[in-house]
Structure formats: structure tokens, C-alpha cells
Amino acid sequence: MATVIRIGNTTTWGKMYTVNVRHSRQGGFQMGLKALGGLAAIILIAPAQAQIQKAVKTSAATTTWTLARTPDGQPDLQGIWTNATLTPFERPAALEGKATLTEEEAAAIESRASANRAEGPPRPGDTGSYNQAFFDSGTTWLATRQTSLVVEPSNGRVPAKPSAEAQRDYDLAHVADSYEYQTSWERCITRGVPAGMFPAGYNNAYQILQIPGAVVIFSEMIHEVRVIPVDGRPHLPPSVRQWNGDSIGHWDGDTLVVDTTNYNGKGMIATSAATGRVRSIHESEALRVVERFKRVDMDTISYEVTIDDPSMFTAPWKVSMPLTRNAEYLIYEYACHEGNYAMEDILRAGRAKEKAETSK
């Protein structure tokens, strides 16, 4: 049974969760309603009505699509978009030399992933963790059947320098020594740019808004907001450096091109475990990121990003994936702050380990 929220004359469909999950997320759900304001009622729609809505939606999707434009003539990218996928960030060793999967191979992987999501009892002595509804790692392979999100180089692997990997390994080995060895996401500072656009294990939603002179991207993770000017202004002076750099956009036909420079060198190019070995590789002040957003149909934005950081990588590399429109998605509050309990506990565990070792 789905939940419909009626706010004025607008109807937004909620995600379908099991009863226990809906109860677990009740607090966050209520906070979201308070923030929206003007709530008239919350009603439940019966399965038969839901099927009618689904049929109407399917019928609408088959009609001829025309690119909509904002009042000032920009291609309309607005809406809520998601990017969860089973496709790995880098091409796995088992798929070396294979750029795409067959339709049958992709279907088999999706079938196994569906079976693995089935809830089972915890192992003896294991208290268990969040159930699968809290995770959003995707249920399907990309329609292109590409074997990795990384599409350049052609081997689907990020060309990290050995020195960059050594720095990553050192940080990961010392996370209990100081907060400085943790990623900026774990420190609740930022997911990063472009790291915040890479799929993670959950909270893979983005809301795009457009106003005269700017495109705004609101990410569900950490509730980050990027305000990207498209009014022709230049980059900030090189002396002004920021965690997520300075993003300036322009339209190349119907494609939004976002150029980001002026990084402060404190962040990491990827912060989610879903990026595998790329997670925790540092950025340098030389980093330059170019993103391309293009609406290709009613439900899809093509997203490409090219990363060029000669201090960390032997060559530029590119990620390509779709952002999929999801009008049913509700963005929930993501409460994150520096000095969080998890960080404190990691450091306490490190001090306790040192104390135990010195007392031997």
C-alpha cells in the first residue's frame, strides 16, 4: 500500500515500505511534513487505485516527449532524480576486457541481487543491522549494460598514481589516530564534488531547481546544496579556494556544462565505499572537474563527469551514468554534524587499543 501526501493541489507519491520500516522512519517523515507546511491530509490509497495510477503513468510515458524549457529558455532539468545502480564504479577484474554485458548476463545479476535482498535472521551472536529498506544500492544494471560507471580509460579503471594510492592506504590505516584521516563525508563536512554525484549505498536522490541565472542541485546526502551560476560570471580568483571548488556553468546547446576549479586540496575524489579502491584518494589544488547534464527524455538526464588532477592521476578519467526521474521519491532529512558519536567512538577505540598494548 502506498502513501499519498496532499499539499494544496499537489500530490506527491511516497515510497513503499514495510510496516516496521515506516515505523522506524516515522520521525524523519514527520520532520519532512513540518518543513513542507500547508499539509491538508494524509490518506492511503487502495491497491486497485494504485494500479489505475500506474496505468495512467505508463500511458503518459509512451506519449511523444518534447524537451520542456524554463521561462527564461533553459532546458528544463528540474525534478527529483536518483542514480542507484548495480553497475560497479570500476570494472571488476572478473570482467576485464569486457565493456558491456549481454542482456542475459545483466538479467542474471539482477536476479541474484533481488534474492540477496531477502531478509533473513541474523547469525548467532549477531545483533543485526538496518534492514534492506534502509539501503538503496539499486536493483537493476544500467540500460547501456556498461560494465562500470568509469568509461574512460577504456579499461574502466581509474588511473591513480601509486603515490595517491599509498596516501590513501596510509589514511585508512590510521583512521583511529585522528579525525584528519577520515573522509570529509565521515566528518560530516561534505560528500564532495564530484563525489556527491556518485551512487552510494543509500540516499541517492537529487533535486534540481532552476532560477534565472543559476541551477541549484540539492543532494539528499548531508542535505548539501550546490548553487551553480549560469550568468556568464568568471571563476573566483585563484587565491579563493574551497572544499568543493568553484563551480561555473554554461549551456552548450541543450547541455549544461559545469566547470569546477579552485579546490583547497583537503577533500577526496570519492568518499563512498561504493567507489571501491577510489574511495579516500585525495584531491589536490590542481583538480579540475567538468560535468555535463543533458535531458535526453522525460525520465532521464545523461550525466558525465571528467576528472583531471595530474597530481593524483596519470591521465584524466570519465564517469558516465543516467539520472532517473523519480516523482515518487520523498527526500528525508539527513542529520550529520562534525564531532559525531561514531567519530568519537573510533578515536576512543584507538586510545583504548594503545592503552592495552602498552600495559602488556
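Ala, Val, Leu, Ile, Met, Phe, Trp, Tyr, Cys and Pro count here as nonpolar, Asp, Glu, Lys and Arg as charged, and the others, Gly among them, as polar. By that division, the lining of the largest cavity in this predicted model comprises 3 nonpolar, 4 polar and 2 charged residues.

A search of the whole structure returns 1 cavity of 30 Å³ or more, and the largest cavity holds about 60 Å³ of space. Its lining is made up of Gly192, Val193, Pro194, Gly196 and Met197, together with Ser219, Glu224, Arg226 and Asn244.

## The nonpolar cores

The largest nonpolar core has 38 residues, of which Phe89, Ile269, Phe293, Ile307, Phe313, Trp317 and Val319 touch the most other members. At least two residues of this core come from each of the strands β6 (205–211), β7 (214–219), β10 (255–261), β11 (288–297), β12 (300–308) and β13 (317–325). A second, separate core consists of 5 residues, among them Trp185, Ala200, Ile222 and Tyr334.

Apart from its neighbours within four places in sequence, Ile307 is in contact with Pro194, Phe198, Ile269, Leu287, Arg288, Val289, Phe313, Pro316 and Trp317. Pro194 also belongs to the lining of the largest cavity.

## Glutamine 146

Gln146 is situated in the loop that runs between α4 (103–116) and β5 (150–152), and it counts as buried because its relative accessibility is 12%, where the cut-off for buried is under 20%.

A polar atom of the Gln146 side chain lies 2.9 Å from the backbone oxygen of Ser320. When residues up to four places away in sequence are not counted, Gln146 touches Thr87, Ala99, Thr100, Trp141, Val151 and Ser320.

How values were computed
Residues are numbered from 1 along each chain as its sequence is written. This is a predicted model: local features need pLDDT of at least 70, side-chain atom pairs count only at pLDDT 80 or more; totals for chains, interfaces and linings use all residues. Side-chain values use heavy atoms; hydrogens and water are left out. A nonpolar core is a set of buried Ala, Val, Leu, Ile, Met, Phe, Trp, Tyr and Cys residues joined through side-chain atoms within 4.5 Å. Buried means under 20% relative accessible area, exposed over 50%, partly exposed in between (1.4 Å probe, protein chains only). Helices (H or I, at least four residues) and strands (E, at least two) are DSSP runs, numbered from the N terminus. Contact means heavy atoms within 4.5 Å. A polar contact is a pair of N or O atoms within 3.5 Å; within protein, one must be able to donate a hydrogen and the other to accept it, and residues adjacent in sequence count only if both atoms are side-chain atoms. On a 1 Å grid over the protein atoms alone, a cavity is a set of points where a 1.4 Å probe fits but cannot get out, and a pocket is an open set with protein on both sides within 12 Å along at least five of seven lines; lining residues have an atom within 4 Å of a point. Grid points are joined across faces, edges and corners, and a volume is the space filled by probe spheres set on the points.
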